[in-house]
Amino acid sequence: MRALVNVLFVSSEVAPFAKTGGLGDVAAALPRALAARGHDVRIVMPMYARVKAPDRTFETVIGEAVLVLGGTRIVFSVHTADLPGVPGGAKVPVYFVRCSGLYDRPGIYTSDHDEHLRFAVLSWASLVVCQRLGFRPDIVHANDWQTSLIPLLLRTMFTWDRLFAGTRTVLTIHNIGHQGTFGKNALGDAGLADAAHHFHQDQLREGRINFLLTGILYANAITTVSPTYAREVQTPEHGVGLDAFLRQRREVLFGILNGIDEGEWSPETDARIPQPYSAEDLAGKEVNKRALLEGAGLRYYPRVPVMGVVSRLAWQKGFDLCMSVLPRVLAKRQVQLVVLGTGEPQYEKFFSALAFQFPKQVAYKRGFSEPLAHLIEAGSDMFLMPSRYEPCGLNQMYSLRYGTPPIVHRTGGLADTVTPFDAGRRSGNGFVFDHFDESGLGYGVAHALATWGSGEGEDRERWRALQRNGMRARLGWDERVNAYEMVYRMIAPGR
Ligand code: ADP
Ligand code: GLC
């Protein structure tokens, strides 16, 4: 393989165009880091309603393309804009697949009857984009179930096209909890009826197909977003039914930790926070704390610690534990809590009720807000992330970078990035609990509050040491991108 490669990166979300979680961040940051190394990276994603911001302009690159999938004629066009924030003047074009009937809906993901079709079309369209633009990808890099049909498409429906003769595929699993399981009619709808024999036959007999499994079976290499999660998904406890398949493919399964995009997330340069600050001078953090609290309708007390949460409110994130632990902590301890998140109703209700019960201590903002997410990272003293499982997690790394020590469950990427603080040795960067239960979380929170202590004098110095350990860690994409280059090289033709 040439030292520099052509990469087609396909994702259902890419920040800042569309984002519900970490995938959106990674699908922007990894292409940026690859482009900075000189690779020719192009991204394909859907043109959702929310992509069309008034200040955004697009150039049309394909006026009309037609796919006939299972007898249905699907017409789409393709428009492009450059990915912002690519360092060193390199360009990363983003190709938006426009098909209003499929993508012009309020959210990014839906539970509509045609969800399988929305992303099967994205997968097909990404390869049509290469054909129409004459882009010869060395690597097609698929992400999660939404783009998991691509490896199989390349091995079946696109084999006739010499353009893809040297193309190899990588599938990155960001979350094995979402697999894209549909009734078997999805097979015909996706234009893959003729490839039925390539699907898992037992499942087909039971009347279902699983997009992610198809990707796991046919991708040349599989990666997931932390070394610990790469081991975990091979166990029945964490594999969500796919562990045996991943064990079979372990020779080509790699855990590569995500990085953070330091162009977006650095307290020294963050334009979204009132006062920049650094590990050397943490005084500015206090200004952000005051702004956060006042904006949230809470009073500012320098010595009372503020715990922050920014999260999708989903089962994965472990907030069930908070339901019993947080009320107890809030009733007994001087601590404040600022939560930003949206998701499943039971968690939204819980945080609303908590804010009602402890109006002087708790503020809950229901919704999605990029600026508030940054302010919470900058203005909180500690960050709570008790995930039940966590493939990588970005928020704990943002927290480390912002001097906001995280309290986490030892799982997946949290285990790989957060190390328990040892006051004696002044080592470690956060608080880690081993057991996913109430006493585990209770211990994590108690340890954090004990380390905070009075918030002054020696206690303050100890806390500063902890903050600096996190702020000085190397968390950027620079180190991670080598590992992706290695995987690309390893699967190149002729190896
Ligand atoms: P996941 O991808 O599982 O949601 P990550 O920690 O990898 O978890 O990434 C979450 C990303 O989504 C972070 O960039 C975080 O700031 C962002 N995020 C989650 N919920 C919200 C919200 N309500 N408002 C703003 N940003 C959010
Ligand atoms: C997923 C995971 C999260 C990870 C993100 C980006 O949404 O839940 O842990 O950080 O993808 O890879």
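The model is predicted, so local features need pLDDT of at least 70 and side-chain atom pairs count only at pLDDT 80 or more, while totals for chains, interfaces and linings use all residues. Residues are numbered from 1 along each chain as its sequence is written, chains are lettered from A and ligands numbered from 1 in the order in which they are written, and side-chain values use heavy atoms, with hydrogens and water left out.

Start with ligand 1. The shell around it holds 21 residues, and Gly22, Asp25, Arg312, Lys317 and Gly367 are the closest; a residue counts as near if one of its heavy atoms lies within 4 Å of the molecule. An oxygen atom of ligand 1 is 2.7 Å from an N or O atom in the side chain of Lys317, and an oxygen atom of ligand 1 is 2.9 Å from an N or O atom in the side chain of Lys19. Asn395 takes part through its backbone, with an N or O atom 3.3 Å from an oxygen atom of the ligand. Taken alone, ligand 1 exposes 570 Å², of which the protein buries 94%; such areas come from the Shrake-Rupley method with a 1.4 Å probe.

The shell around ligand 1 takes at least two residues from each of H1, strand S12 (306-313), strand S13 (336-343) and helix H14 (395-401). Helices (H or I, at least four residues) and strands (E, at least two) are DSSP runs, numbered from the N terminus. S12 gives the most to this shell, with three residues. The domain bounds come from an automatic or database assignment.

Ligand 2 has 14 residues around it, and the nearest are His174, Asn258, Glu390, Cys392 and Gly393. An oxygen atom of ligand 2 is 2.5 Å from an N or O atom in the side chain of Glu390, and for the side chain of His174 the distance is 2.6 Å. Taken alone, ligand 2 exposes 310 Å², and the protein buries 93% of that. Helix H1 (residues 22-36) gives the most to this shell, with three residues. Both domain 1 and domain 2 give residues to the shell, so ligand 2 lies between them.

Next comes an open space. The second largest pocket has a volume of about 340 Å³. Its lining has 19 residues, and Ala15, Pro16, Glu264, Arg272 and Glu370 are the closest to its centre. On a 1 Å grid over the protein atoms alone, a pocket is an open set of points with protein on both sides within 12 Å along at least five of seven lines, a cavity is a set where a 1.4 Å probe fits but cannot get out, and lining residues have an atom within 4 Å of a point. H1 gives the most to the lining of this pocket, with three residues. Each of domain 1 and domain 2 supplies at least three residues of that lining.

The largest cavity has a volume of about 50 Å³, a volume being the space filled by probe spheres set on the points, which are joined across faces, edges and corners. Its lining includes Leu282, Asp381 and Trp452. H17 gives the most to this lining, with four residues.

Methods. Polar contact = N/O pair within 3.5 Å; in protein donor to acceptor, adjacent residues only side chain to side chain.
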